[in-house]
Amino acid sequence: MSLKENFKPYGENAFKVRLSIRTALGDNAYAWDTNEEYLFKAMVAFSMRKVPNRETTEISHVLVCNVTQRVSFWFVVTDPLKNHTLPAVEVQTAIRMNRNRINGAFFLNDQTLEFLKIPSTLAPPTDPSVPIWIIIFGVIFCIVIVAVMLLILSGIRQRRRMSKGPTEVDDSEDKCENTITIENGIPCDPLDTKGGHINDAFMTEDERLTPL
Amino acid sequence: MACAPGPDPRGAGGGHERPSWDNRLQYLLSCIGFAVGLGNIWRFPYLCQTYGGGAFLIPYLVALVLEGIPLFHIELAIGQHLRTGSVGVWKAVSPYLGGVGLGCLTVSFLVSMYYNTVLTWVLWYFLNSFQNPLPWGSCPLDLNRTGFEAECQASSPVSYFWYRRTLNITADISDSGSIQWRLLACLAASWAVVYLCVIRGIESMGKAIYFTALFPYLVLTIFLIRGLSLPGAVKGLTYLFTPDVRILQSPRVWLDAATQIFFSLSLAFGGHIAFASYNPHRNNCEKDAVIISLVNSLTSLYASIAMFSVLGFKAANDHGRCLDRNILRLINAFELPDQSVNRDDYAAVLSHLNATQPERVARLCLETCRLEDFLDKSASGTGLAFIIFTEAILHMPGAPGWAVLFFGMLFTLGLSSMFGNMESIITPLLDMGVTHRFIPKEVLTGLACLVCFLSAICFTLQSGNYWLEIFDNYAAPLNLMVFAFFEVVGVAYVYGVQRFSDDVESMTGRRPGLYWQVTWKVVSPLLLLTIFVAYVVTLARTPLSYKAWDTQYVRFPTRQEKSYPGWVQAACVLLCFLPVLWVPAVALAQLLAAHRRKKDTGRDRCPKL
């Protein structure tokens, strides 16, 4: 056909496609052969059929050439009735709208099935309605405020108890926690108070060897 | 025992007994927590890397022995003996030195302001770490969703998250912008946490310190174990720790080591004096000083091993991805089969292609990928934590968990340092009798936290980071060196080394030996004077400039070097000198008062003649 002979790979309505099958599938990679090419042409034709006024696009209208080992090739969509190639803008729009279907047919994604010159619409990030950081911030802040309140309240209660405390000690010394035994009006410190007591009047050399 | 003039050793409190630590461990942990701060994580590894790896440890240890430990011992001993905060202590040593205490209080206030702002940033990152994928891993999309935001594309997702989503920084310091409400909320939260822990002074702090001082060590160990198992970690460690002994010939190394020790131990803030003042009189402060200083230095070393192993992994990762990008370019240009060239074959394939088709290869603009270049990329301060390390975490499996651990560790590290800062403000205020008996301690601590919080709001402006750098560079260093110099000279010469040794003997039971006498009298003052002079000279020679994040800059994402406007330069000078002015001011006031008293007594005597 004359159009096929006139098809120049680097024409303005041609697109280069690059596949990275091994990167995407690793050991499950399939080989790129003429059957896969046929599927590709079918997908492109399918995409074009979705465009208004192009419902009659056939698989034979899609031409593929210059397949390399990479795998990369050029394709172009022709219109045999008018004997010209379809404008790039139309092909671009069609491919963009059906990108997911095309990717899915080959088990690839936007990065491993590249249409050079056709930018893909990137998926928007999934934003939860309330950002996570606000939730955790709220939790931490509430805990801190509650703890501060509790400490302040317990401090107030302690102070109120202390201001009432001295009047009760005279009545019942036995009821106090640290009973201070009094002999001859001189208080004797109990022997087993916390940390021990150091008698300042008596200092020996051994004292500094006393452990922590 | 020397009779010290000055305040009642029980501490001014209107008859209230001075609170004391529940046990010695709390006291040690508080001092360790105060000394071990963010600088141990992000300043020491950088210095190690810049100054010849393992060789840096030599000047570091020398500075520790000659300057760090003696000064530290002075602070602990004098606080423990006089049992009062920094203001009372220096007034007791000599009335003319009373300004030193007030200056320490002022510097502590200034540092508290900006230090907690750094914690605010850490908290913000911590809150954002509870999601997968991490928000600094990818760029946001631009308006028509075909590509990424231009600013992010030009720099990197981590830089974008730091400069735009966290700071929302302006291009110039004179453009203040608006208050960032996210940062304001986090600032309020971090001040609330600080208040919660210092609310009752050492009673509440002593309980909190068990967690805040020990948690970082746990996380560092986890990072160390994980880091060492990552690919590329060992190579990074050996490269970064390999000593380059020639570097010791440069005086700058010794200077930086001495400066680092000085700031690392948090000397001259008055915090250690405050902590020691709550000790029982009989406590071996000499052993404490040695233990805490050694723990601080060992922590720095431990942290740098953990950091370097992760950074080595990051360098190996970046190098690998650089190779992958080059390989992709080669494969695409020469239509080679997909995945046919792996990283090991790359060099051979490249040389083969270079030999056969050099012009096509030259047109590809391949990057040079050398592992050493990636290992040499170093940073200190916020750049290390928020840009470089966050990027390293992105590539570790289970990234959100590691991010949570890392920022949790940074937060607790900074928090325990904040305790020391707040105590160095609160303890002198309590001892000065600023509050009457009817105002409880909780209100005083609340007021202190509130004042600091309100003053720190200026750092939540869009230009806040630039101001924070100013505070970090000018408010603290010079003033602290001056105060430390006056401290050691005041104790060694004004108070008297003999009298001080008597005090120490009464507390520890052993008289300080020759090492202490020599360092207190000669070595430490000389060293301090030298580093002060060298620091001033270096400061005078560097032009006052800052690095601005300007998207309109021609060489964006490199930061543009701009010089400070006049009024900002005036602010820098003010910050440098205002706290120090307390010393001559108080000395002058005392001189005038003494002169007036002499005149009065002279007048009284006259009629008798």
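A residue counts as buried when its relative accessible area is under 20%, and as exposed when that area is over 50%. The legends below describe close-up views of a predicted model.

**Figure 1. Fold of chain A, which has 6 helices and 7 strands.** Read from the N terminus, the order of elements in chain A is α-β-α-α-β-β-β-α-α-β-α-β-β. Among the contacts in chain A with a separation of 6 or more, 58% are between residues 24 or more positions apart.

**Figure 2. Residues 130-153 of chain A, annotated in UniProt as a "transmembrane region".** The annotation comes from an unreviewed UniProt entry. In the predicted model, this span is 92% helix and 0% strand.

**Figure 3. The interface of chain B and chain A, which buries about 3,200 Å².** Of this buried area, 66% is on carbon and sulfur atoms. Three residues, Leu127(B), Glu335(B) and Asp338(B), supply 19% of the area that chain B buries against chain A, more than any other three residues. In terms of contacts, 37 residues of chain B meet 36 residues of chain A.

**Figure 4. Polar contacts and salt bridges across the interface of chain B and chain A.** The rule finds 13 residue pairs in polar contact across this interface, with both residues at pLDDT 80 or more. It also finds 3 salt bridges between the two chains. One of these links Lys16(A) to Glu335(B), with the closest N and O atoms 2.9 Å apart. On the side of chain B that touches chain A, the elements giving two or more residues are α6 (98-127), α9 (181-198) and α14 (285-334) of chain B. Of the elements, α9(B) gives the most to this side, with 10 residues. By class, the side of chain B that touches chain A comprises 21 nonpolar, 8 polar and 8 charged residues.

**Figure 5. Two cis peptide bonds, one in chain A and one in chain B.** Most peptide bonds are trans. In chain A, the bond from Arg70(A) to Val71(A) is cis, with omega near 10°. Val71(A) belongs to the loop between β2 (62-65) and β3 (72-79) of chain A. In chain B, Asn132(B) and Pro133(B) are joined by a cis peptide bond with omega of about 5°. Pro133(B) is located in the loop between α6 and α7 (150-154) of chain B.

**Figure 6. Positive phi at Phe107(A) and at Ser266(B).** Most residues other than glycine have a negative phi. Phe107(A), which is not a glycine, has a positive phi of about 60°. This residue is in the loop between α5 (99-105) and β5 (113-115) of chain A. Phe107(A) has a relative accessibility of 60% and therefore counts as exposed, the cut-off being over 50%. Ser266(B), likewise not a glycine, has a positive phi of about 55°. Ser266(B) lies in the loop between α12 (251-264) and α13 (271-277) of chain B. Because its relative accessible area is 8%, Ser266(B) is buried, the cut-off being under 20%.

Methods:
Residues numbered from 1 in each chain as written. Chains lettered and ligands numbered in written order. Predicted model: local features only at pLDDT ≥ 70, side-chain atom pairs only at ≥ 80, totals over all residues. Heavy atoms only, no water. Contact = heavy atoms within 4.5 Å. Buried area = accessible area lost by both parts, 1.4 Å probe. Salt bridge = Lys/Arg side-chain N within 4 Å of Asp/Glu carboxyl O. Polar contact = N/O pair within 3.5 Å; in protein donor to acceptor, adjacent residues only side chain to side chain. Helix = DSSP H or I, 4+ residues; strand = E, 2+ residues; numbered from the N terminus. Nonpolar A, V, L, I, M, F, W, Y, C, P; charged D, E, K, R; others polar. UniProt positions renumbered as here; feature names shortened; annotations may be inferred. Buried < 20%, exposed > 50% of the residue type's maximum accessible area, 1.4 Å probe, protein only.
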